[in-house]
Amino acid sequence: MTSTPKLKYVLVRDHLRSLLADADPGTVLPSERELVQQFGVARMTVRQAVDALVAEGLLERSPGRGTFVAEPQLPATGIQGFTEDMRRRGIETDSTTLLARVEKAGAGIARALGLTPGDPVIRWRRIRRGDGVAICIEDTFLNEVMLPGFLQPAMPASLYAVLDRRALRPTWAEDVFTAAVATSDEAALLGIEPGDPVLQISRRALHRNRPIAVSRCVYVAALHSAHVQYTDT
């Protein structure tokens, strides 16, 4: 009996899944052309199989780099920072601090952090890189009262690692995603052209119902995709 297109897709998907079981995170998946030749099926069939494995979290696409075996996924309730998100994708990170100081909270930041306008907040602005390439500009405001002594000559590589050590890791967060275009200043920092597409992600993070941080990240749209999980609890 001749296999239907759906059956072919299922066979390719299941065979790839069995191969991925023994592959290390970060392993590059063969190209669509190679998979077409290997399985003797249409490119669309291969694409459907790969799409299904991406949806399962077994594979991770990186624009301009290819498709890779994904890191084991964290539970859906896990709140990740930039460093953890990039590590899950098999990407090495580094950052450059543009600004780190105590400021007086403006009305919007004060409201988000549950403070009074004029209260002290820590502002930390950085360029975040993945594999040496600028991926985003991150501007974070922190509740200074909850993080005494946070500012130091050598700022930490990961905010969430510091919060972990202080037993202040966010237990709840809300993100807002907005499509936008790069301003001249953003483009200069990210190595792109003014007007190029960017993805803005604004986050308000709380530790046990107490706001601890608000941030705004501007990502190069061509270099980043957001992975969101939901539960019914």
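Trainee: Is phenylalanine 150 buried or exposed?
Mentor: This is a predicted model, where local features need pLDDT of at least 70, side-chain atom pairs count only at pLDDT 80 or more, and totals for chains, interfaces and linings use all residues. Residues are numbered from 1 along each chain as its sequence is written, and side-chain values use heavy atoms, with hydrogens and water left out. Buried means under 20% relative accessible area, exposed over 50%, partly exposed in between (1.4 Å probe, protein chains only). At 1% relative accessibility, phenylalanine 150 counts as buried.

Trainee: Which kind of aromatic pair do tryptophan 124 and phenylalanine 150 form?
Mentor: Rings of Phe, Tyr and Trp (its six-membered ring) pair if their centres lie within 6.5 Å; planes under 30 degrees apart count as stacked, over 60 as edge-to-face and the rest as tilted. Here the centres are 5.6 Å apart with 70° between the planes, so tryptophan 124 and phenylalanine 150 are edge-to-face.

Trainee: Which residues does methionine 155 touch, leaving out those up to four places away in sequence?
Mentor: Methionine 155 is buried too, at 19% relative accessibility. Contact means heavy atoms within 4.5 Å. On that basis, methionine 155 touches Thr97, Ala100, Trp124 and Phe150.

Trainee: How many disulfides are there?
Mentor: A disulfide is a pair of cysteine sulfur atoms within 2.5 Å. For cysteine 136, the closest cysteine sulfur is in cysteine 217, and at 4.7 Å that's too far for a bond. The count by this rule is zero.
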